[in-house]
Amino acid sequence: MFKKNSQPVSLRLLLTIPLALVITLSVGLTGWISLIVSKQTMNDLVTQLLQQATQRICEPLEYFDTFPIADLIAQESGQSILNNLQISPHSQTFILTRSGNIIAYSTSATTYLPDYLATEQSIHQQNLINYSVQFLLKHFLNLAAITKSETLTFTANGDKYLLQVEPLFESDVGNEYNIDWLIVAVVPETDFINQGNANTRIMLGLCFLALILSISLLLLISWRIELKLQRLIAATQAIAAGNLNQQVLGSNVVELEYLARAFNQMSQQLQKYRSQSEHYSRILELRVESKTRQLKLKNRELKKAKKAAEAANHAKSSFLANMSHELRTPLNAILGFSQQMARHQQTTPAQQLSLNIINRNGSHLLKLINNILSLSKIEAGEMKLDETAFDFYALLDDIEQMLLLKAKAKGLQLIFDRSEKVPQYIRTDESKLRQILINLLENAIKFTSSGSVTLQVKVTDRLSPSSHQHSLTAKALLFWISDTGFGIAPEELGSLFKPFVQTQTGRRSQTGTGLGLPISRQFIKLMSGDIRVKSKLGTGTTFRFYIRVGLADAWEVDNHFSSPRVIGLAPNQQKYRILVVDDQWENRLLLSECCQEVGFQVWQASNGREAIQLWQQHKPHLIWMDIRMPIMDGYQATQFIRKQPNGEQTVIIALTASVFDVKREQAFDVGCNDFVAKPCPEAVIFEKMALHLGVRYLYETQSFLLQQHQLVPQLTAESLSVLPQGLLVQLHQAAELGDDQKAKQLIEQIPEFYNPLKIALAQLVEELRLDTISDLTKFSVGSEGLTDSPG
């Protein structure tokens, strides 16, 4: 098999050389065979001549069988016959007795030879006879052992000889005449080899002649074939160059004739296909031109749409940034002042109840704002994981305790089932996982009127088992949240995770925004997981999701315990100077009072320019710098201070209502030491100042708010049975009608002795959980003959 890069072989050489060599080898083989046959023929000829000589020697004895001197007659007859017997030019024939005596031998004619040549020939013949006799004696040891014709070869003086020996008479004739002789013929190998050499020369001449004739004939044939093929190749090259109008003439060779016909048909088909191709090409060009014009129009439309989308996205981002700032700024004041008032010991229980209601509703509003901002971050691709190590068991226990009151208020059984293989200490985004579980469990409790809500946690093998080391540092946790509630219609499952879309059951409840499930799903995908839902109307719903978590050790987990409230600065410290910069008077007042109450020296500025002036006058240790302000914003003020001598010594903490990551990055870029988002809890403010300034505080030993929280009981039908029956009947009716104002008036009529129950019921009204009040009170008023209202 030829290699790809081997040189092509000419057709003339391919046809001529192999065939010529085959013919020559055939002739040579024939000559060699003839040489072998000639040698065998020489052997047969010698044997035949000896047999004829024997017969002729015996013929006279048949006429003179009465003579007593038969051996003499046979000797004379043999000598006469041998004189006329000439096998080859240098052969020798003689008759030998069994005892080794020579009876007769052949002599060649010497009349035409000079005397000295005749003498040499005679000596040669005598020597040849002696060599032959010695060989026979040596070979057979005893001449009497020769009983049949034998053909032998021997070498003497470097020459090779062919020797033929056979008894002269048969055994019966020999016994009758008492004659037991041997006739021997010796032929030099050169005699028949010379003839063979002559034949060889003739054979070589014939081989050479055959070679010349065969090469000439094959060259002629190959030239004619090659001429036809060259015409075919030229036509093929012309077609390849684009000239399809080609025809190849026929040939006397059948195969070439078929090849020419096939080529002509191919040429005609190519011309036909070429015309069709040109036609289709013109049609395609017209279509391409049309599509190109349409594509250009669509591209212009897409560019316009892209610009419009970018403008809309920019407007959306600006709107969300403004809305975040505008909503979180007043919330900062609302939550801050309510927490500050709740710390005062002069606050009455009724005021504490109102303040708690303000805090809960403000926190609920903040949660809605955070959900909208989280959804915006997800859509913009800006949401990131904040992975930390934490106690997963403690997280589940905390969520269970938080939701247990709501479940019991509706008479539901809340079940938390955790597999023993679930790791206690894991690494992931704790706040996002908490939000996912709370969203799903609160929905399950909200839309379940009886039965149970179950959370199951297991370890699954959804992680790829390709790396053993990876399986030692990460796990996949599988969560099931199932309920026995109303269920979800099959046609609503497809839109379940779309933002601002609620199911029919959710719309009937008139609560929620439709953001909990979409945000939860995006959080789960961000944590390398996925979520599925299975539901049946009237039976219940099951949400199943898995997430990837890292494994952590106990020493990595920061145990954050709620520290007691700060009531002042520890003694033996310097006077810390604090500058509060905010364009909102309420926020400046809140933060200033918070710092002044514990003993800080505080100055206030409404914009960046005033902040620079106060910084130059008082050189504060720390600046709470609002970012968004008129005249000069916080970025510009921070950059100016950092460029001044000793400007790096002042700690600057950015305080803004925007929670976008880009704002955080910009704050650090201009030189801020830290970033805090509004509304900011009081504990975070004190923690940041302690972190950057090393401040030490004095703490309150007991929290009044904690005492109040401990006084609030778990509401059950049994715990409400201690209230007046008439009051419970009216409260049930107000809850059934959805009249929250009437419910508040009835709760205010509860005696002070049942103040814990009064606070718990007021919380439900403020959270718009009148359905829970209705479920709790319907068992207590059953004896009054009331019937439950539908939904």
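Over how many bridges do strand β4 and strand β5 pair in the antiparallel sense? The count is seven, between β4 (residues 159–167) and β5 (residues 181–188). Strands count as paired if DSSP finds at least two bridges between them. Within this pair, L162 stands opposite V187 in β5.

This is a predicted model, in which local features need pLDDT of at least 70, side-chain atom pairs count only at pLDDT 80 or more, and totals for chains, interfaces and linings use all residues. Residues are numbered from 1 along each chain as its sequence is written, and side-chain values use heavy atoms, without hydrogens and water.

Now the sheet around that pair. Five strands form an open sheet in the order β2-β1-β5-β4-β3, with antiparallel pairing. The edges are β2 (102–105) and β3 (150–156); each has a single partner strand, so one side of each lacks a neighbour in the sheet. On average, neighbouring strands here are turned by 25 degrees against each other, direction ignored.

Next, the whole protein. It holds 23 helices and 19 strands. These are DSSP runs: helices are H or I with at least four residues, strands E with at least two. Of the 791 residues, 40% are buried (under 20% relative accessible area; exposed is over 50%, partly exposed in between, with a 1.4 Å probe and protein chains only). Take contacts (heavy atoms within 4.5 Å) between residues at least 6 apart in sequence: 69% join residues at least 24 apart.

T30 lies in helix α1 (residues 11–63). T30 is exposed, at a relative accessible area of 52%. From T30 to C207 the C-alpha distance is 9.9 Å, across 177 residues of sequence.

Conventions
Axes fitted to C-alpha atoms, helices over the stretch in contact; angles between N-to-C directions.
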